Amino acid sequence: KITGEPKPEIQWFKDDKPVKPSQKIRVDYRDDIHSLTIVGASPDDTAKYTCKATNKSGTTTRNINVDISAPIIIKPLNDEIDVLEGDSVRLECVISGGPDAQVLWYKDDYLLEEDERIMYDTDGDQHTLIIQSAELDDEAEYKCVVTNIAGSVDVKTELIIAPEFQKEPEKSTFDVNTGDDVSLDLTVTGKPTPKVEWFKDDKPVKGTRRLEVKAKDDEHSLKIKGGKPDDSGKYTVVAESPAGRDTRTYEVNIKGEKPEFKQKMQPLQVLEGDEKVAEEGRFLIVDDEEGDLFSLIIGNAKPLDSGVYICQATNDTGKATAEAEIQIEELLVAPEFAEEEATQLTLIEDDDMTLELHVTGKPKPEVHWTKDNKPLTEDDRIIIDHKGDSCIVDIMAVTPNDSGTYKCEAKNKAGVNTRTFIVNVEEAPEITESLQEMEELEGNPVTLTCKFTGTPAPVAEWFKASTPLTDTDRYEFIEEGDSYTLIIKTTVRDDDDTYKCVASNQVGKVTCRGDLKVTEKMFPPEITRPERTEKIVLLEKEELVINVTILGNPRPDVKWFKDGKPIRQSSRLNIRPRGDTYTLNIHTTEPEDAGSYTCEAQNKMGTSSTTIDVQIEGEVS
């Protein structure tokens, strides 16, 4: 508010420079109240603002410092916060935004409303989200957004609920006799769903008919059926997820009895390779799990495996042994493939391709791959792998260049065998040369060409705007290799349009577009006279009619002359154009109408004229 006598003159300054009113800055006054308003203030408007009042008696000023600052992150949230289900959570960050800042919290981009479990807390620049008794559904991305007049800023974190065993086991130590069952049961929660694994003496437990591992929802169990002394040990269950890890441990003690062989091993003579290959190695010890029969299986038996084998049974009370001699005769087997002779594959560009064969033989065959009779080698896209009897070629993101004949050759000293894959990689059409914008003179031919690649070769269809074009006297279509051409033999003005060529195959299609501009042909006037005469003889009072046809572009300006002087229309003499025909007409001639009549046509391309002599003879009495 400013008063003074006489009424003072008011000026506003920003950092000592005069302020000019604009759409952003308004200067208003009402009575003695003067104001400056900044519309849509931003940090650029931070400055010292001065109001200066002046009259004859003196000057007074008032300074106002304006600070408009966008929120600033001082201490962000941690990138990830891991908690156990049921724990309380405090998400804390420090953001400077000023006293008028608005603070909002979001869960997966949805605004969080406070309730009995969710609470906001703000202490100065520290902003806290409190979640009481965390639940699995609380796992999400959380965001704190601070907004003031100058803008907004946000910080984010990921809340992860770690796995947890719901309750302590009722029993952690089991002392049982041989043949008894043992069941270890527990409940595991966590989000994301934890991975649960069982270990015996720190080694992973693999489920068998006797060791039964089960999982249903959150319930997990390990059941030992018909316990044996070897099953004794420390059993640990581990629940693990990206949020953390939890474990439970059980002690299992199974009492045993001194071993005794009920059936001795007998000497054995077999051919090499007679026994089946064991999944867990060439030597596999098998327990029938129900009786007392133990077997040693030698997978893919070899002559070097010949010898005396001893079986030793041991427990806490003692041990027993049995032995037998095995003789293995060498057996040669040529390579054999499990797959058919040849396989045809059709793929689309960018697909991943796997060629897999299974080959057996004795001795183990050497395997080599070729493509189009050249060795196939590994690179960034091609992986060649041999595992067991599997021979695998993986090719990532195939291209048409990967088409061809792939051959796998397996060879050992017993023979050679091959298998073949015929691979065809198809690709959608792709433009390699676009239609060019063209301009051509009316009446001239024009050639529109574009190029496409694709496998199989694309089929092209031409359109004028959205109308398909067919092979006619005016259009000619040519396809040579990857080049597709449309020839318009003689252009007309109506050919001025957008043309497109659509190339398609069974994989896809693509459209190439281009504009054709047909320019109207310009030429000087051309005059013809249908009657083709240089002289007209009439009797007095007969009608005189002179017709001329005039062509030209642009349309000519036509004038008539008699004996070199311009002719003007009158009640007797009429000049009229109709299309390209121009007519001079005298309905009733008189002797003075005799003379030389000239028609002159002119446009910017030139001038043309024609002259007709008219003779009027006396009227016959």
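Predicted model: local features only at pLDDT ≥ 70, side-chain atom pairs only at ≥ 80, totals over all residues.

Residues are numbered from 1 along each chain as its sequence is written, and side-chain values use heavy atoms, with hydrogens and water left out.

A salt bridge here is a side-chain nitrogen of Lys or Arg within 4 Å of a carboxyl oxygen of Asp or Glu. The count comes to 20 salt bridges. One of them joins lysine 234 to aspartate 202, with the closest N and O atoms 3.8 Å apart. This pair links distant parts of the chain, 32 residues apart: lysine 234 is in strand 22 and aspartate 202 in the loop between strand 18 and strand 19. Strands are DSSP runs of E, at least two residues long, numbered from the N terminus. Aspartate 202 is exposed, at 57% relative accessible area, whereas lysine 234 is partly exposed, at 30%; buried means under 20%, exposed over 50% and partly exposed in between, with a 1.4 Å probe and protein chains only. Arginine 90 and glutamate 92 also meet in a salt bridge, at 3.0 Å from N to O.

Finally, the sheet: 4 strands form an open, antiparallel sheet in the order 2-1-5-6. Strands pair if DSSP finds at least two bridges between them; strand 1 and strand 5 are joined by 6.
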